[in-house]
Amino acid sequence: MADNDSGSKRPATRVVTGGRRKKWTGAVVNPPVWRGSTHLYNDVAHLREGLKTNDDGRFFYGRRGSPTQWSLAEALTEMEPGAAGTMLYPSGVAAISCALLAVLQPGDEVLLTDSSYDPSRSFADAFLKRMGITARYYDPLIGSGIASLFGPRTKAVLLESPGSLTFEVQDVPAICEAARTAGIVTLLDNTWATSRFFPALEHGVDIAIIAATKYIVGHSDVMMGAVTTHKEYWTRLRRTAQQLGQVVSPDDAYLAARGLRTLEVRLRQHEASALQIAHWLKARPEVGLVLHPALTDCPGHEIWKRDFKGSSGLFSFELKDGDDQSRAAFIDALTLFGIGYSWGGFESLALPVDPGKHRTVTDWTAGGTLVRLNIGLEDPEDLIADLAKAFEHYHSAKS
Ligand SMILES: Cc1ncc(COP(=O)(O)O)c(C=O)c1O
């Protein structure tokens, strides 16, 4: 394989070929784990050569990575048409915080969707506030109406589409167009769809953020974040990450690259199984709303149809007349669904979620209680049988 030859390939092929430069892989298929803090130079002239550029692909010092991290970053860049580069971080939250720090300074204002992941909100409300940066929230379904919120201090808009508890699909192109016209930078938490189902930069986003912990890694055994951007913000993003000392271990980068190679088939299976289960739930008498972007109940469903190339395995549903206790009985009765945070791994998970607690400018009220499911790679018929049994426990808890 020639170096960097995958630009013209289709997305599923790029997932497999991305970042696999021969000089990084050697004789094996995936770049091996290059552990090291010190990189040894041949002589002083070579040492000085190392200082001349700050690009991936040049040995310098462990904090700037090695072929293991460079290869993963390059693969993620190749998956995002229009991107100039990708920085890796030790978690999704680190990726979100560092991306915001790269574009904001004291006195600025950032607008965040009211459906934002809770730690994104707390970073803005606590940390950014201490730096003299104001956070203001907006309705996730605001679309181009966001322009009416822009003030002279507004410098960035954080989007998350769909939201990871309530799944509102945002009109990303409209929001980004309004922001671009006003000279405001847009950042999208694109963890749910990944660039495979939603190529963010092609839809107008400036900075695409992914908690690679979820679908990229895919095996629930590594924490990682990635931020991909185009030329305009690349240098700033990279410098900020380096100034903050962000680096991922080569072992983790190796595992993430290993996971990435099967992203296409995993996502397709998550999609098919989650859809089957979402439709099954929708037909259950105990279930109210099924908040899955591909179902009509979901706010922004029409936008999902317009913009997305697929749907992944995470969604919520409402237990119509449920209370906290009956919901707990339902979840506790599941045997194939683990109870735990995170998602995007091969194993199914269930979680009670109460999104109302995390809202400030939009009301989120459901008739009952919400359960969030991560649909893994088990046989969906077994998952359905497990859910059916849990409904029996739910009824007993209610009576
Ligand atoms: C939507 C979303 N963004 C970001 C993150 C943060 O990722 P990490 O757990 O790797 O910090 C999460 C984690 O659950 C998430 O659900």
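Tutor: One term is needed before we start: a polar contact is a pair of N or O atoms within 3.5 Å. Please also keep in mind that this is a predicted model.

Student: Okay, how far is the ligand's oxygen atom from the side chain of Thr213?

Tutor: An N or O atom in the Thr213 side chain lies 2.5 Å from an oxygen atom of the ligand.

Student: How many residues surround the ligand, and which are closest?

Tutor: There are 14 residues around the ligand, and the closest are Gly92, Val93, Asp189, Thr213 and Lys214. Sorted by class, this shell is made of six nonpolar, five polar and three charged residues.

Student: Which helix gives the largest share of the shell?

Tutor: That is helix H5, which spans residues 92-103 and contributes three residues to the shell around the ligand.

Student: Switching to the sheets, what is the strand order in the one with seven strands?

Tutor: The seven strands form an open sheet with mixed pairing, in the order E1-E7-E6-E5-E4-E2-E3. Strand E1 (85-89) and strand E3 (134-138) are at the edges with a single partner strand each, so one side of each has no neighbour in the sheet. From one strand to the next, the twist averages 20°.

Student: What packs on that sheet?

Tutor: Helix H9, residues 231-243, packs on the sheet and touches E1, strand E5 (185-189), strand E6 (207-211) and strand E7 (225-229), while its direction makes about 25° with that of E1.

Student: How do E2 and E4 run, and how many bridges join them?

Tutor: Strand E2 (residues 109-113) and strand E4 (residues 154-160) run parallel and are joined by four bridges. Within this pair, Val110 stands opposite Ala156 in E4.

Student: What about the sheet of five strands?

Tutor: This one is also an open sheet with mixed pairing, and its order is E8-E9-E12-E11-E10. Its edge strands are E8 (287-291) and E10 (338-339), each of which pairs on one side only. Helix H11, residues 263-282, packs on this sheet and touches E8, strand E9 (314-319) and strand E12 (369-374), with its direction making about 155° with that of E8.

Student: Which strand does E10 run parallel to?

Tutor: E10 runs parallel to strand E11 (residues 349-353), and two bridges join them. Gly338 stands opposite Leu349 in E11.

Student: One last topic: where is Pro162, and is its peptide bond from Ser161 cis or trans?

Tutor: Pro162 is in the loop between E4 and helix H7 (172-181). The peptide bond from Ser161 to Pro162 is cis, with omega near -5°. Phe167 also lies in the loop between E4 and H7, and although Phe167 is not a glycine, its phi is positive, at about 65°.

Definitions and conventions:
Residues numbered from 1 in each chain as written. Predicted model: local features only at pLDDT ≥ 70, side-chain atom pairs only at ≥ 80, totals over all residues. Heavy atoms only, no water. Pairing = 2+ DSSP bridges. Contact = heavy atoms within 4.5 Å. Axes fitted to C-alpha atoms, helices over the stretch in contact; angles between N-to-C directions. Near = heavy atom within 4 Å. Polar contact = N/O pair within 3.5 Å; in protein donor to acceptor, adjacent residues only side chain to side chain. Nonpolar A, V, L, I, M, F, W, Y, C, P; charged D, E, K, R; others polar.
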